[in-house]
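Hi there,

Here is the structure I promised to pass on to you. Have a look at it first, and then read on for my notes.

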Amino acid sequence: MSDINRREALGTLGKLGLGAAALGLGGSALAVPAKNIDGDVLNFALNLEYLEAAFYAAAVGRLAEVRAIGGSAPIALPANLPASGMQFKDSNIQAYVNSIADDEIAHVKFLYGALGKGAVARPLLDLSSAFDAAGQAASGGAIKGFNPYANELFFLHGAFIFEDVGVTAYNGAATLLTNPAYLQAAAGILAAEAYHAGSIRTFLLQKKDVVAAAGLTVEQIVNAISALRAKVGGGKDKGLTENGKPVLMPDDANGGAFARTTREVLNIVYLAPNANKGGFFPQGLNGAIK
């Protein structure tokens, strides 16, 4: 299907009624999709894309592009992050972050434009204290004041928190969609998120033995983040290494990416099981699935 036809199909989303979206909040990720919840599912994805786009855009001084979409809700940032973004020493990492920012901003523009009047506004986002809370939770309190924008290595850790979640979220949402055109569009974004996640894991693997914070190596911290996500996200996760071997993706026994339900994704981004707000979304997501 051409991009034009896909956009035309997605443009009808605003006309869809908000139905039984709550069916996507629990149970198996392979549940039979409910009728007419496509708009709800893609709005759920849009919330997550707002967060990822803001995270990457802030790093490269492009946050204004995100703030221009979806309303005026605040985006909380570390106090010492300049508007021009963080300082990079490795030009390869900087280039990758800019490229991922391009994609994430494009995802927001695409979903927001395709949903039309049915698109949810950008919710309040926290890219400051939520990272501190996540760092403390993953390290048992050893790492305090974690700021992903402090240096490149910390940024890669922050990116790791998000990237695998995006892949598993899109994979889980696939069976909730009823329209093939919507499924194809979501599959395209899932593929992009998978490339991003693999790139971040590769950079981290190259530095796995570096002591990053509180006497902990990159490998130890990333594996701890993975364990925390698994604890609240249905056990569906893998760290940077497993049995001493590198792990490029969080895959199941069939070699495919894990699929998380929307409830499992919410547990991770809210930093608490069964919460309806908190963490990176202090006031919760916008839309029917939140």
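The mean pLDDT of this predicted model is 89, and 88% of the residues of the protein reach 70 or more; pLDDT is the predictor's confidence in each residue, from 0 to 100. Please take care with residues 1-31, where the pLDDT is below 50. Beyond near neighbours in sequence, that stretch has 60 contacts in the model, a contact being heavy atoms within 4.5 Å.

Two notes on how to read the values. Residues are numbered from 1 along each chain as its sequence is written, and side-chain values use heavy atoms, with hydrogens and water left out. Because the model is predicted, local features need pLDDT of at least 70 and side-chain atom pairs count only at pLDDT 80 or more, while totals for chains, interfaces and linings use all residues.

First, the overall picture. The secondary structure comes to 9 helices and 6 strands, which are DSSP runs numbered from the N terminus (helices H or I, at least four residues; strands E, at least two). Of the 290 residues, 52% count as buried, meaning under 20% relative accessible area, with exposed over 50% and partly exposed in between (1.4 Å probe, protein chains only). Among contacts between residues at least 6 apart in sequence, 72% join residues at least 24 apart.

Next, the aromatic residues. The whole structure holds 13 aromatic pairs; rings of Phe, Tyr and Trp (its six-membered ring) pair if their centres lie within 6.5 Å, and planes under 30 degrees apart count as stacked, over 60 as edge-to-face and the rest as tilted. Phe 55 and Tyr 56 make an edge-to-face pair, because their ring centres are 5.1 Å apart and their planes stand at 75 degrees. Phe 55 counts as buried at 0% relative accessibility, and Tyr 56 is likewise buried at 0%. Phe 55 also pairs with Phe 131: the centres are 5.7 Å apart and the planes at 35 degrees, so this pair is tilted. Since Phe 55 lies in helix 2 (residues 38-59) and Phe 131 in helix 5 (residues 129-139), the pair ties together parts that are 76 residues apart in sequence. Phe 55, Tyr 56 and Phe 131 belong to one aromatic cluster, whose other members include Phe 146, Tyr 149 and Phe 280.

Helix 5 deserves a look of its own. Its buried residues are Ala 130, Phe 131, Ala 134, Gly 135, Ala 138 and Ser 139. Seen down the helix axis, they fall within an arc of 150 degrees, so they line one face of helix 5; the arc is that of the directions from the axis to the C-beta atoms. These buried residues pack against helix 2, strand 2 (125-126), helix 6 (152-173), strand 4 (216-217) and helix 8 (218-232). After helix 5 comes Gly 140, with a positive phi near 65 degrees.

Finally, two single residues. His 107 lies in helix 4 (residues 91-115) and counts as buried at 9% relative accessibility. Leaving aside neighbours within four places in sequence, His 107 is in contact with Glu 49, Ile 189, Ala 192 and Glu 193. Val 247 is found in the loop between strand 6 (245-246) and helix 9 (262-269), and is buried with a relative accessible area of 7%.

Best wishes
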